[in-house]
Amino acid sequence: MSPRAGKAGPHTLAFVESPVQLLNVLEWAHAHTPGAELTLVVLSPVDPMTRGQLRRMSELARDEGYEVRWEEARGGPAAPFHTIGSLAGLLRRARRVVLGDPFSRYVQLLLTITRARDLIVVDDGTATMEFVGQLARGERLVRWHRKGGRPGPRDLLFAPVSSSARRRLTPGGRRRVEIFSAMPMQDTPEGVTVSAHTFAWTRARFGPPRITKGADMVGTSLVETGVVDGDRYLEAVRALARAHGATRYFAHRRESAGKLHRLAVETGLEIVRPELPLELVARRGPIGRTILSFPSTVVHTLPLALSGTDVRVAVCDIDPGWLTETASPRAQGFLSGVTGTARDVYRLSAVTAAAAGGAAAPAVR
């Protein structure tokens, strides 16, 4: 057991399904409960890249002295029943529960078992902004890129569990709910405590980074989620890389191998598959003096993780013409809000002209 962690305070149980969620649990523990007993339960996905990053993040959590419990939560039809059954006792005993994805059906099901009085939601990227807004408005919990579509049969079947989870995530009586976030909150639910996530643990453990003269680009999974057209995305990446001299492309863990291969061939960018969340990769360095991104979580988190350095983060707007026909009606407004609320970033106009083969470069504004 590391001297950084101990047995003080009530037992805390955390559920994570992604590397970023695990990082943000470590950040929350560093900021609010140093020395507390914390068990991290990894509800492992099947995606190899995500699993690899989660393995590396689990090592960092163990280095901090925390217990990590790896659950093959999606290892076959019987896996969910085995996982939930094995966690029931822990859930009933936990005084505090920390979760990274309130939209996860797995997490929502686990919330129906817990008796914890304190529930903490840590950042899961831009989804946190949508969760807080939906909770404030009393809406059902639906991911932003699916909002506007009709509920499917599975949605209807799971609706009672989702409603129960939303009630448990609403403060009342002796139940306390906290949001630990680096994202801007426009609507704060009544009775919910919001605390600032500043990436203090990341800055204390890593860096400052070596900064190179060039530019790096951050990938996004907007194509994979059906929001942005693949061909338009490739054109935009090529135009941005040409205009700013980018040489590396940090792939999002959900980007498909076929798309990344095409990006490498047609843009000449070096595709980098990070072994850790980008906030840690950037803080450890080396990293470009300019980081180019489309609207995503990193336009909010990288300026915090890189605070005190000379790195600048530039975000390029999503042109409405890039959206697919099946994109949620909510998509354009949500993505514009992600960009518009970002602090300490440079705004780039959409690259319509450049992407079409013109000479115009994206302008800083």
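**Figure 1. Burial across the predicted model.** Of the 365 residues of the protein, 54% are buried (under 20% relative accessible area with a 1.4 Å probe, protein chains only; exposed is over 50%, partly exposed in between). The fold has 13 helices and 13 strands (DSSP runs: H or I of at least four residues, E of at least two, numbered from the N terminus). This is a predicted model: local features need pLDDT of at least 70, side-chain atom pairs pLDDT 80 or more, while totals for chains, interfaces and linings use all residues. Residues are numbered from 1 along each chain as its sequence is written, and side-chain values use heavy atoms, without hydrogens and water.

**Figure 2. Phe 103 and Phe 131 form an aromatic pair.** The structure holds 4 aromatic pairs (ring centres of Phe, Tyr or the six-membered ring of Trp within 6.5 Å; planes under 30 degrees apart are stacked, over 60 edge-to-face, the rest tilted). This one is edge-to-face, at 6.3 Å centre to centre and 85° between the planes. Phe 103 lies in the loop between strand 4 and helix 4, Phe 131 in helix 5, 28 residues apart. Both are buried.

**Figure 3. Tyr 233 pairs with Phe 294.** The rings are tilted: 5.3 Å centre to centre, 50° between the planes. Tyr 233 is in helix 8; Phe 294 is in the loop between strand 11 and helix 11, 61 residues apart. Tyr 233, Phe 294 and Trp 322 form one aromatic cluster.

**Figure 4. Arginines sit over rings: Arg 55 over Trp 70, Arg 312 over Tyr 346.** The charged end of Arg 55 is 3.6 Å from the ring centre of Trp 70. For Arg 312 and Tyr 346, the distance is 4.6 Å. The cut-offs are NZ of Lys or CZ of Arg within 6 Å of the ring centre and within 35 degrees of the ring normal.
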